[in-house]
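Subject: Structure handover

Hi,

Here is the structure I promised to pass on. Please open it first, then read my notes below.

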Amino acid sequence: MEVMGLLHAIVIIAGAVLVAVIRVWHTPYGVSCDATENTYRLSIFTFSTKSPYPFKATVRNETTLGTCTAVTLYGLIRHGTRYPQQKHIQGFKAFVSSLNQKLRDVRYGDGGGDDQIGSPLLSTLRGWENRLHEDDASKLTHHGSREQFCLAKRLAQRYPSLLEETYCSSTYAFRSTQSSRTIESALSFAHGLFEGTGPLNGYQPITLDVVGMHEDKLLRFFDHCPHYLKMKEVSSCAQKFQYGPHIHQVVARVQAIIDPEQRVWNVTIPEVLSAYKLCIGEHVVFGDSIWCQLFSHHDVAVIEYLADLKLYWTKGHGQDINWKIAAPLVEDMLKHLNEAQESVVLAHLRKPQKATFRFAHAETLLPFVAFWGLMNDSQKLKDDNYLEMVDRKFRGSHITPFSANVVCVLYDCGSGAEDGERFRVRILLNEMGVVPPFCRKHDHFGMCPLHEFANHFMDKTGGQNFSEICNVRMLQAGS
């Protein structure tokens, strides 16, 4: 039985220290992280960045790989599954109200005696009752809290030497954006990491650094770059695809299912996309939605490509500015790893920090992933190559589902390493090892020399800092 508990944290906001008591759903000492309990959420559809996180069944200890030992890790984590935004919940109500009005108009015109207008599914949709409430808009769901809790448990199993120490603010650093869903995600994660070790009946208070959204250039860099904001617009590729033949075929299939004679509902593209969003909104929260019956796997794949097109051109590999703006976060990661390296070398002076965790959004993770060249295809995603890109690497559902994470682990391979590369980095994207394409000297574990990451950073930024990257006037003058 799931119960409401209290999780405590000291939250630092814009330099002021506040003691906060945040409510988070959990089952003390009894949260199940069994992957089989989540298959119903994952076996039907994927919804680009609105996909629930795919729980992993098995985890192995990777504290030691060959002659290398884990020294520290840096984790960038997206918030867990959340409720739809307020504007979308309002849009769902308006969409269904419009549909019901069409049904009433047709029934009135026919004398009001036929309850089976259109298909049986259309009659079922007419009785739809909204389970999504505006008071819950954008909040972390119970499932989202569990995603974070279980992610922490698995990371602790993978790196026990790093993550099974008693909590200390100098050993573990936590930072979150100023959003209730990211703050609660951080606290749910911390609860999973330190469950049963704290002084408050097993709860461990943590220090959580939260910077106001108007000052947060580290985790909300996308809000603080004039050049990016000027360039950020829905790609013409996405607009062309939205009104192209593949989406029209989806509309035709939905029309055939819902009202083949077009007696009530002459389905439009915006209406199909609204029904799809409603399917997503209910499915990720409740695990089911009658609106999903309108769509086949093929339909969802087509609409997901539309969502991925928008991501690719506004947050991914489509434009250089998309990933260049992640420079502050990349610097933060490199700083953490370099300081840990120095601590190992100067072991008699200080101990390395065990882990740093940052909790943010899809808009934070996608540019970070793209900066390292991960999940990039040989062809660009465009409106006219959907069929060629069916097996693409760049998928929002694979890169940034809810609770997506990028974990960078620094290993010490000893001064006697065969290739002379003592310090190496292993990257996990959603708990799967990945090798950056720039890495020339990776070993069979997929670990790359630390200095190759620093070299890549300089190559990609050209030595420019964030202000220079984002200065519109400077870029215009140099063009």
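**What I found**

Among contacts in the chain with a separation of 6 or more, 75% are between residues 24 or more positions apart. Contact means heavy atoms within 4.5 Å.

Some ground rules. This is a predicted model, where local features need pLDDT of at least 70, side-chain atom pairs count only at pLDDT 80 or more, and totals for chains, interfaces and linings use all residues. Residues are numbered from 1 along each chain as its sequence is written, and side-chain values use heavy atoms, with hydrogens and water left out.

**Overall**

The chain has 18 helices and 11 strands. These are DSSP runs numbered from the N terminus: helices are H or I with at least four residues, strands are E with at least two. Of the 479 residues, 56% count as buried. Buried means under 20% relative accessible area, exposed over 50%, and partly exposed in between (1.4 Å probe, protein chains only). The chain exposes about 20,700 Å², and carbon and sulfur atoms supply 51% of that. Areas come from the Shrake-Rupley method with a 1.4 Å probe; for residues, only the protein chains shown count as cover.

**Strand 8**

Start with strand 8 (residues 405-412). It is largely enclosed by the rest of the structure, because 8 of its 8 residues are buried. Both faces are covered. Asn405, Val407, Val409 and Tyr411 are buried on one side. Val406, Cys408, Leu410 and Asp412 are buried on the other.

Strand 8 has antiparallel partners. Strand 4 (residues 68-78) pairs with strand 8 over 8 bridges in the antiparallel sense. Strand 9 (residues 423-429) pairs with strand 8 over 7 bridges, also antiparallel. Two strands pair if DSSP finds at least two bridges between them. Look at Leu410: it stands opposite Thr72, and opposite Val425 in strand 9.

**Helix 11**

Helix 11 covers residues 297-314. Its 18 residues should span 26 Å at 1.5 Å a residue, and the end C-alpha atoms are 26 Å apart, which agrees. The expected span is 1.5 Å times one less than the number of residues. Helix 11 is largely enclosed by the rest of the structure, because 13 of its 18 residues are buried.

**Ser138**

Ser138 sits in the loop between helix 3 (120-126) and helix 4 (142-158). Is Ser138 buried or exposed? Ser138 is buried, because its relative accessible area is 16%. Leaving aside neighbours within four places in sequence, Ser138 is in contact with Arg82, Tyr83, Pro84, Gln85 and Arg181.

Best wishes
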